[in-house]
Every structure is written in structure tokens, then in C-alpha cells.
Amino acid sequence: MTATMTEGGTLLVGSAERGPGFGAVLRAEWLKLRTVRSTWWTLVATFVLGAGLTVLLCWANADWLASADADESPGSFVTWGMMIAQITAVVLGALVVTTEYGTGMIRSSFAAVPARGRVLAAKSLLLVTVLFVVGTVTALAGYAGGNYFLDREGIGMALEGGVLRSMYGSGLYLAGIGLFTVAVGFLLRHTAGTISVVLALMLILGNMVNLVPGAFGDWLVKLMPGNAGSVISTPVPFNPDLLGPWTGFAVFAAETAVLLAAAYVVLRRRDA
Amino acid sequence: MIRAHALTKRFATGKGQTRVAVDGIDFVVEPGRVTGFLGPNGAGKSTTMRMILGLDAPTSGTVSVNGHRYAAAPAPLREIGALLDAHAIHPGRSARDHLRWMAASNGIPTTRVGEVLELVGLESVAGQRAGRYSLGMGQRLGIAAAMLGDPPVVVLDEPVNGLDPEGIRWVRTFARQLADEGRTVFISSHLMSEMALMADHLLVIGRGSILADCSMSDFMSDHAASYVRVKAPALADVENLLSGRGLDVTRVDDELRVVGLDAAAVGELAFRHGLMLHELTLVRSSLEDAFMALTADSVEYHAADASRGALR
């Protein structure tokens with residue numbers, strides 16, 4: 001995310017004579033984002049899966065979590081749906097970029113705005129904002145519903161401390177993962193490829209590295225983008241050996257920034 | 001005005017090899033007339049057009065629009081309008097929304113969207129998703145997008161592709177009108193017949209090189225000449241007779257090609273001198289033939305010779 005902000009900043013400076021200003025590009029990208037149905041479907045799916053599955057899991061596990069033989073914390077369940085909702089953030093992040101390549105729209109985009117970095121920055125900024133808001137709202141709705149069932153068993157949690165942090169943490173994580181996917185999308189320029197690569201990295205590879213032995217393996221697990229970034233979205237992570245919420249998110253943000261920088265360099269050099 | 005200087009584009013074809021798509025071409029596209037950009041498929045037309053628009057970076061050389069590099073324009077759509085291909089549109093977005101984001105990106109007032117929709121006759125279907133459009137409607141939408149910024153330079157890549165005769169006529173009239181308004185109009189096509197009806201000036205490209213850069217009328221008189229073919233048993237006598245009259249006579253194999261006299265006059269002359277003719281034909285080489293001849297060596301992909309049994 002750091003890279004985007006810096007990029008947006010430097011681009012604004014030179015906007016007087018080099019192509020349309022950032023404000024105009026931002027308005028154009030906002031129109032693009034909200035005038036296709038896929039945006040709305042994906043955001044609705046984010047909410048339904050993210051909030052719905054949290055409520056469902058809390059309802060199903062509340063009495064077990066309250067019992068003596070529970071070996072997990074209720075804090076791991078109160079944002080459970082966000083683990084699935086992250087898939088929709090990946091899909092949205094990919095679609096925002098790769099459908100333009102798939103349909104040839106990208107040529108219209110770069111003919112209208114030759115400063116390609118501005119297109120990348122505007123897309124990133126809008127996606128991050130939308131996913132942060134939708135992610136936080138989804139987490140809050142899931143908490144409200146899920147905590148109702150936990151409360152009935154006497155194990156409810158107040159909206160403070162780690163729980164509160166996990167609410168906007170869910171927004172931050174979805175925004176981050178969307179941005180991560182935007183970068184991959186500009187690099188690969190292909191919808192299915194982008195979604196597969198990111199999901200494989202987050203969901204499959206992130207777990208497979210557990211098989212790597214020794215301290216090296218432990219660190220690999222900690223540093224995988226999905227593992228590092230997701231801790232912030234839950235009050236109590238299932239895996240206690242991961243990095244702390246803010247440390248982990250900083251690692252994830254740095255990884256995303258590197259990927260975005262790579263996307264920016266490639267985007268400028270490559271023919272559209 | 002569009003000006004290209006030593007414009008070159010090489011593509012990597014893998015294994016460290018490159019293919020030259022555009023080979024150091026120079027040209028100027030002047031305002032106030034329709035310039036046809038003609039060449040067989042794969043000749044470098046689209047690559048050249050993408051370089052004009054800054055979508056592809058030239059390997060070397062420069063191309064400028066209205067005196068500066070395209071990407072340097074504060075509102076590029078007000079400098080040059082382009083139809084690259086009808087599919088440069090998201091199928092799920094309506095025509096109106098497509099034009100709205102384009103307008104927003106260049107600070108063009110939204111009222112202009114309605115104007116260009118009316119200009120191309122799409123107002124009634126502007127709310128429909130572009131994916132449902134026919135090829136012809138897609139082309140019209142592309143032209144509407146090109147006209148959004150009321151640009152002094154208009155570039156249309158194969159605008160009549162997939163259009164019905166009425167649509168083709170519409171594009172032709174439209175291009176003429178733009179040129180009459182003093183705009184620079186640059187239209188590519190691989191169809192000579194289409195260019196003959198549309199263009200004032202012709203830029204012929206083959207294998208990345210400019211083969212001709214002249215007015216349409218010059219091209220016609222240079223390349224689309226007609227002659228009278230004469231075959232006769234006493235060919236040498238006929239040849240002497242005709243060249244004795246100061247006519248332009250060339251002997252090709254067993255025939256004479258006579259320029260400057262029509263077939264009837266050649267026949268009468270031979271008859272009065274008692275010379276028997278076996279053939280007397282007016283051969284008119286079409287612009288299409290002229291174009292084929294000019295680009296024959298530069299066609300990238302020849303169809304396989306059918307007589308060799310590919311269809312057996």
C-alpha cells in the first residue's frame with residue numbers, strides 16, 4: 001500500500017502537463033468500477049459469506065466452545081467467515097484489472113490516460129477504500145450475529161481490544177489482499193491465472209509450507225502473505241505461532257508494496 | 001497532423017530473434033483530407049496506429065500528433081480520437097457508461113456523451129450492455145468514443161470491418177465530412193476497393209515499409225492503367241504498324257500491349273492494312289490489381305495453392 005500512496009503523490013506533482021490529472025482518472029475509474037455488475041455481485045458475496053459463515057459457525061460451535069473440552073478460543077470463531085470472504089476480495093481485485101485485458105478495454109484506458117501509473121494508482125486506491133469499508137462492515141455484522149450465540153452460552157466478547165481491532169483488521173486484510181491481487185493482475189493480465197495464483201499462494205502454499213522442517217520452515221510459515229496478513233483479522237488466530245497482528249500486517253504490506261512496484265515497472269515498459 | 005520519423009518496431013519472437021513489424025518509416029498525415037492507410041494483413045498498419053496512440057513504444061524513431069508526443073497531451077482524447085477495434089469495450093458495461101468514464105478521464109463534459117451517441121445513431125440502445133451489440137453497433141460505439149473529445153485528428157483502424165453496406169456508406173460519408181471540416185483523418189484498411197471510394201491520399205505499407213505515398217488520383221494513373229491486348233499471327237508486322245503511329249507498344253511473350261488507342265481503332269487500323277488479328281481486348285487493371293501487384297512481395301501469409309490438393 002505504501003507504494004501506491006507514494007506513486008499517487010509523485011504522479012500528482014507532474015500532472016500539469018503530463019496527461020489527465022489524478023482526480024479525473026479517479027472519477028473515471030470510479031465510474032468503471034460501479035458500472036459493471038460483477039463489482040456488486042462480488043461485494044454482496046463478500047458480505048453474505050463473511051458475515052453469514054461467522055454467524056453459522058458461532059451458532060454451531062457455541063455450546064462446544066463453552067464446554068470443558070473446547071481446545072479453541074471463541075475469539076477464533078467470531079471472524080471465521082472472513083477466511084472465506086477473502087476469496088471474493090481476490091476475485092474483485094483480479095476482475096478490476098484482468099477483464100480490461102481480456103476484453104481489450106485496456107487499450108481504451110491507456111489511450112484515454114497514457115500515464116499508466118495513474119490508472120494503477122486510481123484502481124488501487126478505489127479498491128482499497130471499497131474493500132476496507134465492506135470488509136469492516138461485514139466483520140461487524142458477523143460479530144453482531146455470532147456473538148449473540150456466544151453470549152447465550154456465556155462466552156460472549158465485548159467489542160473492545162483484540163475484538164475491535166479484528167473488525168477494522170478484517171477491512172484492512174481484505175483491502176490488502178485485493179491490492180495484492182491487483183498487482184498480480186497487472187503482471188499476469190489474465191483472470192483465471194491471476195485468481196488461481198493468488199488463491200494457491202494464500203490458501204494452499206500458505207499451509208503447505210508447514211511441512212518444511214526446522215527454523216527455516218517456521219519462518220516461511222510466518223512470512224507467507226496470507227499467514228502474515230490474516231492475523232490482524234481475528235482476535236485469536238487458530239495458529240498461535242504466527243507473527244503478531246501489526247507485525248504480520250506490516251510484513252504483508254511490504255510484500256504487497258514490492259509486488260505493486262514490480263507491476264508498475266512492467267506496466268510502463270510493456271506494450272498494451 | 002500526424003508525423004512519423006524513422007518509426008521502427010521490432011518484436012521479440014523468442015530465442016533472441018526479432019521480427020521487424022515497422023521498418024523505419026517516414027510519413028506525414030495532413031489535415032483536411034482522408035488519408036488511407038493500406039496494406040495486407042500483417043503489414044504493420046495496426047502496430048503503426050498503436051504507436052501513434054502511445055500503446056506500443058517504438059523501438060526507435062518518433063511519431064507525433066499535433067506536434068507533440070501523444071502521451072504528453074493533458075487531454076489526449078481532445079487531441080486524437082481513435083477507433084482501434086470494436087472490442088476495446090467491456091461487454092458488461094452499457095454504451096453510455098463506457099462513454100461516461102472516457103469523458104470523465106479527460107475532463108470532457110458529460111453532455112458530450114449524448115451528442116456523440118446521437119451522432120452515431122445509438123441513443124435508443126445506449127443503455128444496453130455493449131456485449132449485446134452487433135459488430136456494426138460496436139463499430140459505431142467505437143466511432144462515438146473517437147469523437148468524444150471533438151478531436152482535430154481521427155484515426156480509424158479498419159472501421160468498415162463487419163459493417164453492412166449501409167454502415168459502410170455511413171462511415172464513408174462521415175470520414176468525408178470530418179476531412180471537409182479540416183480534420184486529419186487517417187483510416188486503415190486491407191481493402192483497396194474501399195479506399196478508392198474513401199481516401200484522397202494513400203499510404204501503402206507492406207512488410208513494415210512504405211510502398212507508396214501519393215494522392216489517390218496519382219496512384220490511379222500510375223498503377224491502374226488500361227491497355228489493349230493484341231494477338232496476331234504476324235505479330236511483328238502489327239507491332240511495326242502500331243509503333244509507326246507513335247503508339248506505346250510493348251511486346252510481352254506472344255502478345256502486344258498497346259496504350260493510347262482504344263480497341264476499335266486498333267482493329268480498324270489492322271483491317272485497313274490487311275493484317276489478321278486473333279485477339280483484341282481492352283484490359284483494365286483495377287486498383288485492386290495494382291495494389292496486389294505492389295504488395296505481392298510483401299504479403300506476410302499467402303494462402304496455400306489450392307491446386308496443390310489441400311482441399312482434396
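Biologist: How many residues of chain A are in contact with chain B, and how many of chain B with chain A?

Modeller: In this predicted model, 27 residues of chain A touch 32 residues of chain B. The size of an interface is often given as the accessible area lost when the parts come together. Here we have a count of residues in contact instead.

Biologist: Which elements of chain A give two or more residues to that side?

Modeller: They are helix 2 (22-34), helix 3 (37-66), helix 4 and helix 5 (105-112) of chain A. By residue class, the side of chain A that touches chain B has 13 nonpolar, seven polar and seven charged residues.

Biologist: At what angle do helix 4 and helix 6 of chain A pack?

Modeller: Helix 4 (residues 82-103) and helix 6 (residues 116-152) of chain A pack at about 160°, and their axes are 11 Å apart. Angles over 145 degrees count as roughly antiparallel, and helix 4 and helix 6 of chain A are therefore roughly antiparallel to each other. The crossing of helix 4 of chain A with helix 6 of chain A is right-handed.

Biologist: Which residues make the contact of helix 4 with helix 6 of chain A?

Modeller: Helix 4 of chain A contributes residues including A:Met82, A:Ala85 and A:Gly93, and helix 6 of chain A contributes residues including A:Lys123, A:Leu127 and A:Thr138. The residues of this contact divide into eight nonpolar, two polar and one charged.

Biologist: How far apart are the axes of helix 6 and helix 7 of chain A?

Modeller: The axes of helix 6 and helix 7 (residues 161-188) of chain A are 7 Å apart, at an angle of about 145°. Helix 6 of chain A passes helix 7 of chain A in a right-handed crossing. Their contact comprises 18 nonpolar, eight polar and one charged residue.

Terms used: Residues are numbered from 1 along each chain as its sequence is written. Chains are lettered from A and ligands numbered from 1 in the order in which they are written. This is a predicted model: local features need pLDDT of at least 70, side-chain atom pairs count only at pLDDT 80 or more; totals for chains, interfaces and linings use all residues. Axes are lines fitted to C-alpha atoms, for helices over the stretch in contact, and angles run from 0 to 180 degrees between N-to-C directions. Helices (H or I, at least four residues) and strands (E, at least two) are DSSP runs, numbered from the N terminus. Angles under 35 degrees count as roughly parallel, over 145 as roughly antiparallel, 65 to 115 as roughly perpendicular and the rest as oblique. A crossing is left-handed if the near helix is turned anticlockwise from the far one by less than a right angle, and right-handed if clockwise. Two residues are in contact if their C-beta atoms, placed from the backbone, lie within 7 Å. Ala, Val, Leu, Ile, Met, Phe, Trp, Tyr, Cys and Pro count as nonpolar, Asp, Glu, Lys and Arg as charged, and the others, Gly among them, as polar.
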